[in-house]
Amino acid sequence: MKTKKLINDGAAAVDEMLAGILAAHPRHVRAVEGSPRSIVAIEGPRPGKVGMVVGGGSGHEPTFLGYVGKGLADAAAIGNVFASPPPDPIIECAKAVDGGAGVLFLYGNYAGDVMNFDMAAEMLAMDDIEVRTVLTTDDVASAPIDQRDRRRGVAGNVFVFKAAGAACDLMYSLDEVVRIARWANDRTFTMGVALSPCSLPQTLKPNFQLGDDEMEIGMGIHGEPGVARGPLKSADQVTAELLDKILGEMKPVRGDRVAVLVNSLGSTPLMELYIMMRKVKMMLDAAGVEIHLSLVGNYCTSLEMAGASITLMHLDDELQRLIDHPCDCAMFRSGEASR
């Protein structure tokens, strides 16, 4: 069975999307001349500032290019749907945002991304541009806690990008920005559930199968296998299952603070996300954990996949200040910039 999409040509969907984003948000982003898959912030890159480059496959919007702007990422390298960008657009992003203080590559832990970003870093070193890399690994379901370096980066990217981008904007040194990015990643945890598949623009066919009454806990944002498949449960039951796993790893104590993200994987509506948020608040209140910031909506999607994820960042004073730092991006604003 074929799915329906409002596209012209599946092979052209990514480039036509980028053209639309540039048309809609000229105040925030531009493409590097001659490299249309290299999206750079209008404001942000400047002399003496660490440049921050994020990136990955398309289909997860607003991740990645929606977080390019002042106070957050300086550039995003864009790949095909669910595919890593090749080295060339990554290199062009880094050159465009290099202010002489070094460049941070910050992206999810996927083999193709690691290979191409590492290749780009090696080539940039030949031009005397120092690059450091931090991988996001917030997906609790993708590997045991003692193998955290094997975990995938998913919706927790939003909080890790936010903290590291603020550190860059505050003119921290490259060493300090790397420290912040690693600390933010270490304290960020995500767990998700899929209810139905997505379909790629080129195929218009579901990329996995789930029964009408089934759900899968822990499925990845490209359809990677989860940890448990079974009958669909109620919103409260699913939320409790996801949050229990997160809290079991985070181990907060009464009085701790968190940032919360309840994220749609694409087609799950706000009504259902807020029902989940209600249960998150109930459980955190019972645990004596304060919600400092809550985000609910589409932040890291998987095309039209139905399902949701919950992310908690375990805040300390430093991370809270960075999370609160103003930013102004095409698809995300916070602090003074959001007023």
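Predicted model: local features only at pLDDT ≥ 70, side-chain atom pairs only at ≥ 80, totals over all residues.

Visitor: OK, which residues touch the most other members in the largest nonpolar core?

Guide: Met 52, Val 54, Leu 72, Leu 104, Leu 106, Phe 161 and Met 313, out of 61 residues. A nonpolar core here is a set of buried Ala, Val, Leu, Ile, Met, Phe, Trp, Tyr and Cys residues joined through side-chain atoms within 4.5 Å. Buried means under 20% relative accessible area, exposed over 50%, and partly exposed in between (1.4 Å probe, protein chains only).

Visitor: And which helix gives the largest share of this core?

Guide: Helix 4 (residues 157-169), with nine residues. Helices (H or I, at least four residues) and strands (E, at least two) are DSSP runs, numbered from the N terminus.

Visitor: What does Leu 106 touch?

Guide: Leaving out residues up to four places away in sequence, its contacts include Met 52, Val 54, Val 134, Phe 161 and Ala 181. Contact means heavy atoms within 4.5 Å.

Visitor: Switching to strands: why call strand 3 largely enclosed?

Guide: Because eight of the eight residues of strand 3 (residues 51-58) are buried. Strand 3 runs parallel to strand 6 (residues 103-108), joined by three bridges, and Met 52 stands opposite Leu 104 there. Strand 3 also runs parallel to strand 5 (residues 75-81), with five bridges. Two strands pair if DSSP finds at least two bridges between them.

Visitor: What about the open sheet, what's its strand order?

Guide: The order is 10-9-8-13-11-12, six strands with mixed pairing. The edge strands, pairing on one side only, are strand 10 (228-231) and strand 12 (290-297).

Visitor: New topic: where does Thr 301 sit, in terms of strands?

Guide: In the loop between strand 12 and strand 13. Thr 301 is buried, at a relative accessible area of 4%.

Visitor: Which backbone oxygen lies 2.7 Å from a polar atom of its side chain?

Guide: That of Glu 61.

Technical notes. Residues numbered from 1 in each chain as written. Heavy atoms only, no water. Polar contact = N/O pair within 3.5 Å; in protein donor to acceptor, adjacent residues only side chain to side chain.
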